[in-house]
Amino acid sequence: MTISPDFSVASTTVTAVLAAYLLLGEPWAGRRTYASLARRRDAEPRALVRYFGLVLAVWAAFAAVAVAALLLSPGADAADFGITTPERPGYVLTLTIIFAAIAVASGRNFRSLAEQGKNVPGLASIEAMLPRTAEERRLAIVVAVTDGICANLVYRGLLIAFGVGALGLNVYAAAALSVVVYAVAGFYQGRQGVAVFGLFGAVLTGLYLATGSLLLPVVAHVVLSVRDLTLPAPDKLRAPSAA
């Protein structure tokens, strides 16, 4: 994969500010916000709705910065940010089918484990975000889709382009840096979350570098996020609604 974005001063400035926040501010803000949700989840019926609303607003702001960075740089085009058709459509289609099959199969398995009260890998770290009502479930799907699109646009499209065009890194060094920034976003789930985000980010970044497009990373991210955010809540979370 080869990109050669030419960042303007204005584009460099807004992207640098966002990158600094993603690396130094977002991990702590995300941790505090999620902890607040976990404390209020049982006492406030619409706590999750408000939390999801905040998540959507934050992603909209981050995506706006990515679009602004592109528009403010006449020497960069959409393809430099991964907004283009894949170089190998057949490869992308095959992997899309594979990811969808994995998401469906693992989702059924996780759902079965959850309904039986058994441990579901990673469920405890996101249990406050699991929907209990139809409204929350619909909103969870919107959040999952938004997360898949915006996270890839920002962490892979924008940050890798920034690393190449503004920092002078080669594309692989810029990609590695973007994975590090994405990994710390998982700090709200603790150290394990950082490791999981790092691994997941590395996989998505690899898909981006292999195809030259954000399409496959977005699809993979969306299907897995929808799977996770639509799992049934543990019994202790469903109890207030059942009552």
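## Aromatic pairs

A search of the whole structure, which is a predicted model, turns up 12 aromatic pairs. In one of them, the ring centres of Tyr155 and Tyr182 are 5.0 Å apart and the ring planes stand at 75°, so this pair counts as edge-to-face. The cut-off behind that label is an angle of over 60 degrees between the planes.

The two tyrosines belong to separate helices. Tyr155 is part of helix 4, which covers residues 134–165, while Tyr182 is part of helix 5, covering residues 171–184; the pair therefore ties together parts that are 27 residues apart in sequence. Both Tyr155 and Tyr182 are buried.

Another pair is made by Tyr188 and Phe197. Their ring centres lie 6.1 Å apart with the planes at 90°, so this pair is edge-to-face. Tyr188 and Phe197 are both buried.

## The aromatic cluster

Tyr155, Tyr182, Tyr188 and Phe197 are among the members of one aromatic cluster, together with Tyr21, Tyr34, Tyr51, Phe52, Trp59 and Phe62.

## Charges over rings

Which residue lies over the face of Tyr182? Arg156 does, at 4.7 Å from the ring centre. Tyr182 thus has two partners described here: the ring of Tyr155, in an edge-to-face pair, and Arg156, over its face.

Arg31 has its charged end over the ring of Phe187, and the distance to the ring centre is 4.5 Å.

## The chain as a whole

How many helices and strands does the protein chain have? There are eight helices and zero strands. In sequence order, the pattern reads α-α-α-α-α-α-α-α. The radius of gyration is 18 Å, close to the 18 Å that the globule rule gives for 243 residues, so the chain is as compact as a globular protein of that length. Along its principal axes, the C-alpha trace spans about 60 × 35 × 30 Å.

Contacts within the chain can be sorted by separation in sequence. Of those between residues at least 6 apart, 77% join residues at least 24 apart.

## Inside and surface

Of the 243 residues in the protein chain, 47% are buried. Among them are Tyr155 and Tyr182, as well as Tyr188 and Phe197. The chain exposes about 11,600 Å² of area, and carbon and sulfur atoms supply 66% of that area.

Technical notes:
Residues numbered from 1 in each chain as written. Predicted model: local features only at pLDDT ≥ 70, side-chain atom pairs only at ≥ 80, totals over all residues. Heavy atoms only, no water. Phe/Tyr/Trp six-rings, centres within 6.5 Å; stacked < 30°, edge-to-face > 60°. Helix = DSSP H or I, 4+ residues; strand = E, 2+ residues; numbered from the N terminus. Buried < 20%, exposed > 50% of the residue type's maximum accessible area, 1.4 Å probe, protein only. Lys NZ or Arg CZ within 6 Å of the ring centre and 35° of its normal. Rg over C-alpha atoms; globule rule 2.2 N^0.38 Å. Contact = heavy atoms within 4.5 Å. Areas by Shrake-Rupley, 256 points an atom, 1.4 Å probe, with all protein chains shown as cover.
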